[in-house]
Amino acid sequence: MDEINYFTLPGLRPFDNPLFSFNYMKNEILNALIYSTHTYTGKKYTVQQVHGKSRLRDLVIIRQVLCYTLKTLFPKVTLNYIGHSLNYKDHTIVIHGINKLKDLIEVEDPHVMHIYNYLKFKRLI
């Protein structure tokens, strides 16, 4: 029996492949978010800064989009697991981030919409 090569199937996105893990997608999305923020603001951030405790608006938006995207792509993953993977203390920060991002999408915040459109372009959401 031949093995299926998921990389050659047309129209297959990475998270459709059961071989890709949550952490792999988290890192892919995080890198896309950092790049998208750089193209929008001109500021370069590192993964360490995103995982840090800084309250800079750009970093907070990256974290909120990451929480929202991970929960959307992986609905069976618990909020607590998402929080711990992002160095949060508990799940309540993830809930707040998801709710805040929904509000920002609703009012069409330009920074959030730029990031959201970039993720759609990269086919990560």
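This report describes the confidence, the nonpolar core and the aromatic pairing of a predicted model.

## Confidence of the model

Across the protein chain the mean pLDDT is 82, and 84% of the residues reach 70 or more. Among the elements of the chain, the highest mean pLDDT, 92, belongs to α5, whereas the lowest, 87, belongs to α1.

## The largest nonpolar core

The largest nonpolar core holds 31 residues, of which I29 and L33 touch the most other members. At least two residues of this core are supplied by each of α1 (22–41), α3 (57–73), α5 (91–106) and α6 (110–121), and the largest share, eight residues, comes from α3.

When residues up to four places away in sequence are not counted, I29 touches L66, T69, L70, L73 and L124. As general background, nonpolar side chains in soluble globular proteins tend to be buried together.

## The aromatic pair

The structure holds one aromatic pair. The ring centres of Y35 and Y118 lie 5.6 Å apart with their planes at 45 degrees, and the pair is therefore tilted. Distant parts of the chain are linked by this pair, as Y35 lies in helix α1 and Y118 in helix α6, 83 residues apart.

The two partners can also be described by their accessibility: Y35, at 44% relative accessibility, counts as partly exposed, whereas Y118, with a relative accessible area of 18%, is buried because buried means under 20%.

How values were computed: Residues numbered from 1 in each chain as written. Predicted model: local features only at pLDDT ≥ 70, side-chain atom pairs only at ≥ 80, totals over all residues. Heavy atoms only, no water. Core = buried A, V, L, I, M, F, W, Y, C linked by side-chain atoms within 4.5 Å. Buried < 20%, exposed > 50% of the residue type's maximum accessible area, 1.4 Å probe, protein only. Helix = DSSP H or I, 4+ residues; strand = E, 2+ residues; numbered from the N terminus. Contact = heavy atoms within 4.5 Å. Phe/Tyr/Trp six-rings, centres within 6.5 Å; stacked < 30°, edge-to-face > 60°. pLDDT = per-residue confidence, 0-100.
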